[in-house]
Amino acid sequence: MRKTRSLEQWRSIIEDQQSSDLTITEYCQQNALSKTTFYAAKNKLKALPGNFVRAKMTKKSDVIKPQQPITLVVGKVKVSLPPTMPATYLSQLLREFA
């Protein structure tokens, strides 16, 4: 016997599949759903105005701020060095200015 589901029920089913880490095929097999009906309901929900797509974060990434250049000012001379300048070179340069 065919079971009729509302769009809200399908929305819940689709969200459950997306958060399950199962493919649609695996999810439909485990939940005795027709893959064709699943895709039809998914497309129908997509076509509704004002729908949002649920996004899932799979990897957390940190925002890295770009490092500022090292700027040395001695008298009227201004020297800009890359922030990746090795400390040994920088210390040698500072000794030369001293």
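**View 1. Gln at position 17 in helix α1.** Q17 belongs to helix α1, which covers residues 7–19; helices (H or I, at least four residues) and strands (E, at least two) are DSSP runs numbered from the N terminus. The model is predicted, so local features need pLDDT of at least 70 and side-chain atom pairs count only at pLDDT 80 or more, while totals for chains, interfaces and linings use all residues. Residues are numbered from 1 along each chain as its sequence is written, and side-chain values use heavy atoms, with hydrogens and water left out. With a relative accessible area of 7%, Q17 is buried; buried means under 20% relative accessible area, exposed over 50% and partly exposed in between (1.4 Å probe, protein chains only). The Q17 side chain reaches the backbone oxygen of L22 at 2.7 Å. Not counting residues up to four places away in sequence, Q17 touches L22, T23, I24, Y27 and F38, where contact means heavy atoms within 4.5 Å.

**View 2. The nonpolar cores.** A nonpolar core is a set of buried Ala, Val, Leu, Ile, Met, Phe, Trp, Tyr and Cys residues joined through side-chain atoms within 4.5 Å. The largest one has ten residues, namely W10, I13, I14, I24, Y27, C28, L33, F38, A41 and L45. Two or more of its residues come from each of α1, α2 (24–30) and α3 (35–47). A second, separate core of five residues includes L81, M85, L90 and L93. In soluble globular proteins, nonpolar side chains tend to be buried together.

**View 3. The surroundings of Trp at position 10.** A search of the whole structure finds three aromatic pairs; rings of Phe, Tyr and Trp (its six-membered ring) pair if their centres lie within 6.5 Å, and planes under 30 degrees apart count as stacked, over 60 as edge-to-face and the rest as tilted. The rings of W10 and F38 form an edge-to-face pair, because their centres are 6.2 Å apart and their planes stand at 80°. Since W10 lies in helix α1 and F38 in helix α3, this pair ties together parts that are 28 residues apart in sequence. W10 is buried at a relative accessible area of 7%, and F38 is buried at 0% relative accessibility. One aromatic cluster is formed by W10, Y27, F38 and Y39. R5 lies over the face of W10, at 5.4 Å from the ring centre; a charge sits over a ring if NZ of Lys or CZ of Arg is within 6 Å of the ring centre and within 35 degrees of the ring normal.

**View 4. Two loop residues with positive phi.** Most residues other than glycine have a negative phi. D21, in the loop between α1 and α2, has a positive phi of about 65° although it is not a glycine. D21 is exposed, at 64% relative accessibility. A32, in the loop between α2 and α3, is likewise not a glycine and has a positive phi of about 50°. The relative accessible area of A32 is 73%, and A32 is therefore exposed.

View 5. Strand β1 (residues 70–74) pairs with strand β2 (residues 77–81) in the antiparallel sense over five bridges; two strands pair if DSSP finds at least two bridges between them. L72 stands opposite V79 in β2. The hairpin has two residues between the strands, and G75 takes a positive phi near 65° there.

Terms used: Polar contact = N/O pair within 3.5 Å; in protein donor to acceptor, adjacent residues only side chain to side chain.
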